[in-house]
Number of protein chains: 2
Amino acid sequence: MVEIIGYHTTRFGEWWEESLFSLINQTYTGILKQTQLDKKQIDAVFFSNMLAGVLENNLHLTAKLAELLGNNIPIFRIESACASGGVAFFLAFNYLKANPNKTVLVIGAEKMTDFSPEQTTTALISAASGEEQEAGLSFPGLYAMLAQVYLQKYQATEEDLAYVAYKNHYHGSLNDKAHFQKKVSLSNILNSAYIAYPLKVFDCAPISDGACALLLTNKKNTYQLPAVRVLASEVATDTISLTKRQRLDEIKATKIAAEKAFRAALLSRKDIQLAEVHDCFTIAEILALEDLGFWPKGQGGKKARELSTLIGRGEFVVNTSGGLKAGGHPVGATGIKQLGEIYLQLTHQAQKRQLKKISYGLAHNVGGSGGTAVVTILGV
Amino acid sequence: MVEIIGYHTTRFGEWWEESLFSLINQTYTGILKQTQLDKKQIDAVFFSNMLAGVLENNLHLTAKLAELLGNNIPIFRIESACASGGVAFFLAFNYLKANPNKTVLVIGAEKMTDFSPEQTTTALISAASGEEQEAGLSFPGLYAMLAQVYLQKYQATEEDLAYVAYKNHYHGSLNDKAHFQKKVSLSNILNSAYIAYPLKVFDCAPISDGACALLLTNKKNTYQLPAVRVLASEVATDTISLTKRQRLDEIKATKIAAEKAFRAALLSRKDIQLAEVHDCFTIAEILALEDLGFWPKGQGGKKARELSTLIGRGEFVVNTSGGLKAGGHPVGATGIKQLGEIYLQLTHQAQKRQLKKISYGLAHNVGGSGGTAVVTILGV
């Protein structure tokens with residue numbers, strides 16, 4: 001059995017005086033201090049980062065981490081665009097299934113704010129297809145196309161999308177590690193400027209810096225730490241180009257990963273009390289909740305408007321962390337943070353946003369416009 | 001038990017009319033054709049590439065591969081500088097240990113020749129430490145420093161180094177997939193221009209394009225294909241900066257990975273008939289053979305001069321593929337090619353360079369100046 005026994009995160013935000021490496025160092029020393037483990041007790045590190053190569057000519061970060069750890073252990077860097085964190089976790093989980101008696105760290109980190117918006121945008125669209133890059137399509141544009149298809153096909157509205165942002169900003173106001181910690185009114189969201197129709201400023205996750213770490217073990221009764229079981233973790237892929245997809249009102253990779261994960265965990269959708277889903281844009285949360293099987297296809301707009309997944313409303317809550325939308329989106333760290341949020345909730349360490357009743361949580365991490373999806377289910 | 005049941009490689013070299021993706025496509029379709037497998041029989045892909053993000057703003061290649069495969073399976077990209085291939089193999093091996101009844105591809109690919117030497121050099125030193133980058137130290141410079149320490153400490157000579165190049169170019173002349181397939185005389189090597197003293201042109205591996213793929217399975221008796229067992233695969237790391245190392249006459253990560261691999265495989269050094277070692281520079285092969293435990297520390301120069309590891313000379317041969325030196329060094333593909341060469345030898349498909357007696361082979365893949373090392377042992 002693989003368990004998560006610790007989580008540490010920096011606040012996500014604009015860390016102008018920190019480097020990628022100092023953020024990693026903060027979360028690495030933070031998780032060791034918090035769990036009272038010595039670095040000699042770490043057998044391997046799985047490291048998630050998307051952009052350091054492109055933005056700062058910084059590769060082989062595995063060896064740079066090795067210098068920090070100083071104990072010659074195996075370190076792996078995984079890159080799957082914005083799904084890097086979820087995929088790194090998946091591989092760590094598999095490593096622990098293959099190797100008994102090990103304790104590993106999964107670290108995700110990204111430093112995005114030292115660069116011009118043009119540089120960051122160009123770097124991010126490295127995760128799109130060549131044709132999309134050549135067409136000048138950045139991710140707001142790609143998700144805007146998905147949103148247009150969705151709104152038209154299911155008579156959903158921009159206001160429906162705004163409710164997703166409203167909810168996640170409210171959740172962000174309860175999370176002292178979130179990038180944005182202020183509530184935002186529905187009219188502010190609806191009156192914000194268009195980025196790519198129908199997506200406005202408040203429909204988009206921000207560019208953030210941040211780092212976080214999970215501690216995983218398959219050792220039995222070794223550490224006296226709050227523990228959460230990893231019940232399933234599955235990865236699926238799809239065509240990178242939207243033009244090659246059969247449908248634009250769904251993310252097929254999410255559907256496949258979710259089917260496999262629920263089957264492996266022997267759970268059904270109604271067993272889940274918390275989902276941290278990949279809301280890089282508001283439309284993405286609606287698609288996610290449908291494709292994960294929580295909502296019927298096409299009902300997402302109406303459901304969003306009902307705010308049933310707002311904390312305190314019902315038994316199924318979405319993105320208590322604030323999601324990517326308000327929590328922030330340092331891309332390599334995002335997938336780790338989603339799992340960390342579920343860990344905090346399942347171990348009753350989520351402070352102001354603690355759910356009263358929670359036994360199972362699901363994390364959903366997406367790369368690009370749906371070329372990669374990871375679904376992981378945790379339980380106590 | 002995990003077995004390798006197929007290998008395909010493009011010729012390594014300067015592929016001016018091919019893209020990274022067309023090279024991947026060549027080797028992917030090549031291995032399916034060769035093994036007569038349908039793509040539906042592939043359960044996952046582990047993909048190794050170092051530089052596409054830095055050189056051509058090309059990330060999320062996992063989803064780009066997914067488009068090629070078209071079957072939504074999990075695909076993972078691993079980056080550990082020039083050790084990316086070995087590390088990808090390690091993770092595939094662990095994935096198969098964790099998941100019964102699976103067949104996976106490990107693909108490595110790199111496209112390096114579309115860029116100016118300045119661009120390629122700058123991209124490659126992304127694998128060095130920040131201080132080394134700032135000092136303008138590229139990899140020939142870093143390995144030249146290791147060579148200077150070694151030559152001075154053990155009274156080895158530039159001629160000793162030249163023998164390594166001589167041997168590997170001879171082996172390259174027997175390999176129709178090698179970048180360089182001509183024998184080179186000792187005087188040509190010794191008279192070539194200095195790149196970074198004491199390393200000359202012929203002491204350095206070239207910049208190459210290429211892609212290759214291994215097919216791995218843990219299914220029993222399912223495929224009627226030549227099979228080789230994976231006996232051990234181990235990864236170790238070390239400080240990235242040479243300044244932080246205790247010794248400069250050894251690559252500590254190699255020593256640690258080798259100790260673990262031999263222990264796991266229950267073999268000793270004398271059981272190995274073929275080692276494919278990471279000879280990015282001639283000095284690197286000498287260090288490797290010492291640090292892997294084949295030769296006593298400091299004896300490497302003398303041993304190189306004896307040419308005992310030349311094919312046809314003795315029972316222990318090194319780099320029959322031509323190594324990185326003559327075989328070529330498309331960085332993300334190198335670690336896969338080393339394993340592929342051992343697979344070919346163990347299954348008696350190595351044509352003109354086939355070893356007569358071989359039961360066990362070892363592959364040794366290094367990232368940067370020794371920040372990462374992977375040692376894998378295969379047997380029949």
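Biologist: How many helices and strands are there in chain A?

Modeller: In this predicted model, chain A holds 14 helices and 12 strands, where helices (H or I, at least four residues) and strands (E, at least two) are DSSP runs numbered from the N terminus. Residues are numbered from 1 along each chain as its sequence is written, and local features need pLDDT of at least 70, while totals for chains use all residues.

Biologist: What percentage of the residues in chain A is called buried?

Modeller: Buried means under 20% relative accessible area, with a 1.4 Å probe and protein chains only, and 68% of the 380 residues in chain A are buried.

Biologist: Why is α8(B) called mostly covered?

Modeller: Of its 15 residues, 12 are buried, among them L161(B), Y163(B) and H169(B).

Biologist: How do you know that the span of helix α8 of chain B is close to the expected one?

Modeller: The expected span is 1.5 Å times one less than the number of residues; for the 15 residues of α8 (158–172) in chain B that is 21 Å, and the helix reaches 21 Å from its first C-alpha to its last.

Terms used:
Chains lettered and ligands numbered in written order. Predicted model: local features only at pLDDT ≥ 70, side-chain atom pairs only at ≥ 80, totals over all residues. Heavy atoms only, no water. Buried < 20%, exposed > 50% of the residue type's maximum accessible area, 1.4 Å probe, protein only.
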